[in-house]
Amino acid sequence: MARVAHDLTDGQWSALTAAWSGCAYCRAADRPLQRDCVLPISHGGRYTLENVVPACGSCNASKSNDEVTSWMRRKKLDERAFLLRHREIALALSAGFADPDPVTP
């Protein structure tokens, strides 16, 4: 993990957990949430706003290093709903956390 840049801030994590209102995979809202990389670190993923979702401990442990859509199919979870919601939230939060005054060369 030290060889890869991770840039998820505490503010972004708070925004993600608020936007999802529970586990991104099973929707459970009654348990603690953990940061889960949609594209696992072992497959080139990073802890970034676009790649992290809140997951309950059960889903996070079960998914492990699996590719998200094949894992969701095996678990009989709604992968289409997840992917649409993931994209919607990522776009909304990326716009909200965009640098308001980018430095141009």
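This is a predicted model: local features need pLDDT of at least 70, side-chain atom pairs count only at pLDDT 80 or more; totals for chains, interfaces and linings use all residues.

Tutor: Asp-78 caps the N-terminal end of helix 4, with a side-chain oxygen 3.3 Å from the backbone nitrogen of Arg-80.

Student: What distance does helix 4 reach from its first C-alpha to its last?
Tutor: Helix 4 has 18 residues, and at 1.5 Å a residue the expected value is 26 Å. The model comes close to that, with a reach of 25 Å.

Student: Which residues of helix 4 are buried, and where do they sit around the axis?
Tutor: Buried here are Glu-79, Phe-82, His-86, Ile-89, Ala-90 and Leu-93. What covers them includes helix 1, strand 2 and helix 3, while Arg-80, Arg-87 and Ala-95 are exposed on the other side of helix 4.

Student: How many residues are in the largest nonpolar core?
Tutor: Helix 4 (79–96) supplies at least two of its residues, as do helix 1 (10–20), strand 2 (52–56) and helix 3 (68–75). Those with the most contacts inside the core are Leu-16, Trp-20, Cys-23, Tyr-25, Val-53 and Phe-82. The core's total is 23 residues.

Student: Is Asp-36 buried or exposed?
Tutor: Asp-36 is found in strand 1 (residues 33–37). Its contacts beyond four places in sequence include Asn-51, Val-53, Asn-60 and Lys-63. The relative accessible area of Asp-36 is 4%, and the cut-off is under 20%, so Asp-36 counts as buried.

Student: Which side chain makes a polar contact with the side chain of Asp-36?
Tutor: Asp-36 is in contact with several residues, including Val-52, Ala-55 and Tyr-25. The polar contact between side chains, at 2.5 Å, is with Tyr-25.

Student: How many disulfides does the structure hold?
Tutor: A disulfide needs two cysteine sulfur atoms within 2.5 Å. For Cys-26, the nearest cysteine sulfur is that of Cys-23, 3.7 Å away, and Cys-26 is in no disulfide. The count for the structure is zero.

Student: Which is buried and which is partly exposed, Cys-26 or Cys-37?
Tutor: Cys-26 has 32% relative accessibility, so it counts as partly exposed. At 6%, the buried one is Cys-37.

Conventions:
Residues are numbered from 1 along each chain as its sequence is written. Side-chain values use heavy atoms; hydrogens and water are left out. A nonpolar core is a set of buried Ala, Val, Leu, Ile, Met, Phe, Trp, Tyr and Cys residues joined through side-chain atoms within 4.5 Å. Buried means under 20% relative accessible area, exposed over 50%, partly exposed in between (1.4 Å probe, protein chains only). Helices (H or I, at least four residues) and strands (E, at least two) are DSSP runs, numbered from the N terminus. The expected span of a helix is 1.5 Å times one less than its number of residues. Contact means heavy atoms within 4.5 Å. A polar contact is a pair of N or O atoms within 3.5 Å; within protein, one must be able to donate a hydrogen and the other to accept it, and residues adjacent in sequence count only if both atoms are side-chain atoms.
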